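This briefing is meant for someone meeting the structure for the first time.

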Amino acid sequence: MIKAVMVMNTQGKSRLAKFYEYLSVEKQQELIRGVFSVLCSRAENVSNFIDAESIFGQDSRLVYKHFATLYFVFVFDSSENELAVLDLIQVFVETLDKCFQNVCELDIVFNYSKIHTILDEMVFGGQVVETSSSEIMKAVEEISKCFLSPFLLSCVKMHVDDVRFSTFALFLI
Amino acid sequence: MGSQGGFYQSKEFLDLVKSIGEARSKAEEDRIVLNEIETLKRRISEPDIPKRKMKEYIIRLVYIEMLGHDASFGYIHAVKMTHDDSLLVKRTGYLAVTLFLNEDHDLIILIVNTIQKDLKSDNYLVVCAALNAVCKLINEETIPAVLPQVMELLAHPKEAVRKKAIMALHRFYQKSPSSVSHLVSNFRKRLCDNDPGVMGATLCPLFELIARDVNSYKDLVISFVSILKQVAERRLSKAYDYHQMPAPFIQIKLLKILALLGSGDKQASENMYTVVGDIFRKCDSSSNIGNAVLYECICCVSSIYPNPKLLESAADVISRFLKSDSHNLKYMGIDALGRLIKISPEIAEQHQLAVIDCLEDPDDTLKRKTFELLYKMTKSTNVEVIVDRMIDYMISINDNHYKTEIASRCVELAEQFAPSNQWFIQTMNRVFEHAGDLVNIKVAHNLMRLIAEGFGEDDDNADTKLRSSAVESYLRILGEPKLPSVFLQVICWVLGEYGTADGMFSASDITGKLCDVAEAYSNDETVKAYATTALMKIYAFEIAAWRKVDMLPECQSLMEELLASHSTDLQQRAYELQAVIGLDAHAVACIMPSDASCEDIEVDRDLSFLNDYIQEAIEKGAQPYIPESERSGMLNISNFRNQDHHEASSHGLRFEAYELPKPAVQSRIPQTLIASTEIVPVPEPMYPRESYQTTMPSIPSDAGSAELKLRLEGVQKKWGRSTYTPATSTSNSTSQKTVNGTSQGDGASTVSSMRETYDSRKPQVEVSHEKQKLAASLFGGSSKTEKRPATGHKAAKASSHVVEKSHVPKSSMEVASEKAAPAQQPPDLLDLGEPTATSTALQLDPFKQLEGLLDATEVASAVNGAPAASRSPDIMALYADTAAGIHNKNDADLLSGLSNPSVTNMPGTTAMPQVTQSSSKGPNPKDSLEKDALVRQMGVNPSSQNPNLFKDLLG
């Protein structure tokens with residue numbers, strides 16, 4: 001089972017943190033810091049796996065992948081396969097890429113709840129339920145479709161502030 | 001563009017994110033976030049906030065909490081949002097509550113009702129959102145509230161909902177198996193779901209169920225195999241392909257399940273061979289996911305009943321992994337190798353160079369994995385190199401968790417395979433020095449025991465040498481600052497026991513050092529106690545040898561300090577020391593016999609030596625002792641009075657009638673006494689002797705004698721020889737592995753049977769050599785290796801079982817092996833086993849040993865399960881030695897294995913003598929240098945610095 005999914009940037013700022021077992025906020029922060037301190041000490045061109053037992057306790061492995069300014073980290077136990085999880089990260093990033101066209105750190109920061117939605121379609125209650133990025137896309141789009149119509153209305157009605165509008169337009173491009 | 005829609009956030013949020021991103025320090029970030037929290041606190045409680053606005057506030061709260069700040073003031077608003085009708089708002093609410101709350105939070109009760117309603121919703125997106133919340137927020141108590149709805153959803157028309165409902169049910173099972181145990185059959189049903197995605201999801205719970213109880217799912221083997229076959233043959237729609245692989249994630253899960261189901265089950269395994277073989281062939285090894293499937297195949301092959309063909313393909317894949325440039329694949333290769341060598345140890349040999357490369361790789365993960373592999377393949381021939389490397393690595397790392405682990409592994413290997421006691425002591429010293437406080441205290445006890453026991457033979461000379469070398473090394477080590485407490489305890493004990501034994505060091509040297517220790521580590525009471533007792537021993541030995549004892553001034557001041565110590569234990573020790581010094585030589589020699597820590601304490605249970613005293617007392621008019629069994633019949637007055645007295649003293653006057661004494665009362669007092677003696681911590685092996693001595697004066701009374709007897713019993717349980725506690729006597733030969741070998745044996749038995757294990761060590765050592773010899777002579781003759789992995793597997797499996805569990809009665813196993821062996825081999829070979837060789841197993845000459853190793857090649861194929869199990873590490877060793885045998889013969893191959901074409905071009909004969917020689921000698925710097933020079937000369941540039949090294953590791 002997957003224990004946690006984290007996305008953090010190379011400065012150690014957390015961009016997404018999802019723990020599939022409940023942990024207090026302090027504990028979460030501690031783990032994130034622990035993971036980051038290990039990650040940033042890793043050289044280039046080494047394996048993507050880390051023995052995470054000293055951070056997460058017995059039977060935990062960690063797989064990470066470094067994309068541009070972000071680390072994608074999955075923590076899981078022996079019931080998963082390291083190489084497969086590495087591909088799971090790949091699926092996750094591919095899906096993000098499809099959603100945001102060339103995903104970058106800012107997309108992840110500004111679309112916080114959408115990232116969660118995508119992740120929820122992939123990993124459900126700590127188990128991998130979907131590994132096809134097109135299926136995930138379909139599900140996410142269906143959810144956003146429901147939001148879109150009422151949301152656009154409210155946008156048109158309420159937004160006089162053109163700064164807001166311009167940001168919105170930025171996203172539409 | 002549409003996908004951007006519902007997730008858009010306002011400018012304020014963007015500004016917040018941006019300013020946090022630009023914050024230059026943690027303090028600045030905190031300030032910004034605290035500011036934001038203030039703003040949100042104010043805004044969120046305003047009346048009539050538009051829903052959209054509210055949704056954004058909640059997202060901001062989630063964001064703040066992710067940054068590590070408390071957002072609990074907003075939880076209730078998130079809960080309120082889940083009640084909303086709009087899907088958009090509701091989803092945000094659910095997202096927030098799943099991130100904020102845990103299943104035992106007070107607010108959950110407000111959500112359960114909403115979840116119930118939403119699970120029945122017509123909109124499947126609402127249902128999905130609710131199921132998501134169910135997974136995270138429902139606990140054991142609330143499961144019944146949502147269970148019926150979730151069960152209904154298992155048949156929902158949308159596959160996404162079915163999938164999530166299965167996961168929710170799985171989650172319930174994880175949280176409280178009993179509450180859904182009657183519904184477990186639903187997982188089986190869903191396996192036949194029309195949608196492959198749902199089927200794939202069902203594999204997750206099934207994997208867990210099968211892991212818990214393999215036998216009830218054996219019937220599914222055929223189904224899983226046929227599913228896997230269909231998947232591998234691309235019967236699924238293209239949509240499930242990933243990087244040109246057909247549904248690799250489903251394949252991986254299925255292979256994991258098959259590995260569980262086929263483990264140790266020949267029949268089930270046979271069903272799997274074809275499909276696994278197909279996958280081996282079809283799998284595309286150029287993609288990452290293809291390799292993931294291949295790796296899973298190896299795991300499966302090494303878990304199920306072995307099949308030579310599959311093992312071969314697995315070995316091929318492993319060599320591909322190890323040769324790859326990718327660290328990930330190397331890592332997987334090392335891991336897979338570790339799995340496979342349990343079944344066919346010889347494959348490690350092909351990859352020795354790759355393994356060494358991994359060991360020297362800068363990648364820490366890979367290094368650790370490699371150490372894990374080495375740990376698995378350690379045997380007596382390579383233990384020195386491996387443990388040495390491990391300790392070096394242990395010293396180099398800072399991670400305490402891993403340090404502890406590697407230290408305990410070093411100890412375990414050293415205890416299991418130590419070639420000599422000298423080496424063992426040196427190794428332990430290094431481990432203690434660098435990871436002392438991380439090592440289990442039992443290890444220290446073991447070390448002391450070993451030094452006290454020596455070689456366990458009658459060769460006193462060797463023992464003395466061993467001890468004096470230990471003493472010498474400890475005196476040297478004491479000069480170093482900040483030694484770990486556990487190590488100091490060992491040092492003090494050894495110095496006390498043997499410091500002056502060989503006459504090299506004078507009593508004042510040793511006592512001076514001991515005083516230094518007590519002073520330098522003055523806040524460690526245990527160390528001080530050890531030092532005090534050691535002092536007492538030194539002085540006692542001096543007195544007993546009729547030498548004049550001068551207490552050093554620092555020792556005197558130490559004693560004065562201890563006599564006034566707050567610790568009663570230290571005080572007691574100090575007083576005892578004082579008392580001992582005051583006694584004459586004869587008395588002291590009785591109390592503290594020299595080098596007697598291993599002697600048994602003879603206990604006269606009848607206390608016959610008191611007979612005179614009793615006689616005298618009776619003559620003076622004392623009441624004769626009546627045994628308790630006789631007394632109980634008459635419910636005697638004395639007992640009654642006894643109780644009166646007891647209660648009166650505790651409660652003062654009593655005015656109501658006394659109740660009749662219950663029979664149980666009698667046993668009450670002795671019981672507490674037993675308990676108390678048991679509880680008394682015995683931190684020092686000298687203790688029993690002391691207590692024996694100190695309790696002597698209190699003997700002459702009924703109660704006293706009872707007490708003494710009981711007390712001795714308590715003591716005896718810890719230290720006594722098995723001769724007098726019959727229950728433990730049989731364990732002598734059986735428990736060696738647990739107690740001596742692995743430090744994870746249960747604490748009670750290890751601590752309490754220290755004495756027994758002293759005894760057990762000796763026969764054990766003999767047995768192992770004896771067996772090695774026996775096996776060598778039994779299966780000797782043929783030098784060609786014909787390994788039948790089938791039997792090999794059995795042996796290895798059984799042996800790994802023993803290594804882990806290790807409570808197989810040794811003696812019965814031996815019998816089994818003796819019975820089994822002759823049946824398999826022509827009787828004339830038996831004659832080779834010389835009786836003398838078995839008894840003097842420890843003094844084998846190297847040639848014999850080598851011969852034995854070569855002869856052992858057949859062992860792999862001929863040994864059947866039982867004897868192998870009886871002595872697992874040795875069998876492994878034999879396997880490996882087998883490998884060494886081949887090594888010698890195929891050294892030309894080996895050199896080509898060194899991976900340089902120029903070598904293969906060279907005539908093999910030039911290299912041969914060199915290799916053969918070095919492999920027979922083991923680690924030898926000169927050899928390795930020569931070899932190195934030769935290799936360089938030939939233009940080989942070995943990737944490891946010392947090409948000879950792998951021979952020690954792998955040969």
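## Briefing

Of the 173 residues in chain A, 63% are buried. The model described here is a predicted one, and chain A contains seven helices and seven strands.

**Chain A as a whole**

- When the contacts in chain A with a separation of 6 or more are considered, 48% of them are between residues 24 or more positions apart.

**Cavities**

- Rolling a probe the size of a water molecule over the atoms shows where empty space is left.
- A search of the whole structure turns up 19 cavities of 30 Å³ or more, and the largest cavity has a volume of about 370 Å³.
- The lining of the largest cavity is made of 28 residues, and those lying nearest its centre are A:Val128, A:Thr131, B:Phe249, B:Ile250 and B:Lys253.
- Two or more residues of this lining are given by each of helix 3 (82–100) and strand 7 of chain A, and likewise by each of helix 12 (196–212), strand 1 (241–242) and helix 14 (248–262) of chain B.
- Helix 14 of chain B provides the largest share of the lining, namely six residues.
- By residue type, the lining of the largest cavity consists of 16 nonpolar, seven polar and five charged residues.

- A:Glu130 is found in the loop of chain A that runs between strand 7 (127–128) and helix 6 (133–158).
- A:Glu130 counts as buried because its relative accessibility is 9%, and the cut-off for a buried residue is under 20%.
- A polar atom of the side chain of A:Glu130 lies 3.2 Å from the backbone nitrogen of A:Ser132.
- If neighbours within four places in sequence are left aside, the residues in contact with A:Glu130 are A:Glu121, A:Met122, A:Glu135 and A:Ile136, together with B:Lys163 from chain B.

**Helix 22 of chain B**

- Helix 22 of chain B covers residues 383–396, and its 14 residues should span 20 Å at 1.5 Å a residue, which agrees with the 20 Å that separate its end C-alpha atoms.
- The buried residues of this helix include B:Val383, B:Val385, B:Ile386 and B:Val387, and B:Met390, B:Ile391, B:Tyr393 and B:Met394 are buried there as well.
- An α-helix has 3.6 residues a turn, so residues three or four places apart point the same way.

Note on methods
Residues numbered from 1 in each chain as written. Chains lettered and ligands numbered in written order. Predicted model: local features only at pLDDT ≥ 70, side-chain atom pairs only at ≥ 80, totals over all residues. Heavy atoms only, no water. Helix = DSSP H or I, 4+ residues; strand = E, 2+ residues; numbered from the N terminus. Buried < 20%, exposed > 50% of the residue type's maximum accessible area, 1.4 Å probe, protein only. Polar contact = N/O pair within 3.5 Å; in protein donor to acceptor, adjacent residues only side chain to side chain. Contact = heavy atoms within 4.5 Å. Expected span 1.5 Å × (residues − 1). 1 Å grid on protein atoms, 1.4 Å probe; cavity = no way out; pocket = protein on both sides within 12 Å on 5 of 7 lines; lining within 4 Å. Points joined across faces, edges and corners; volume = space filled by probe spheres on them. Nonpolar A, V, L, I, M, F, W, Y, C, P; charged D, E, K, R; others polar.
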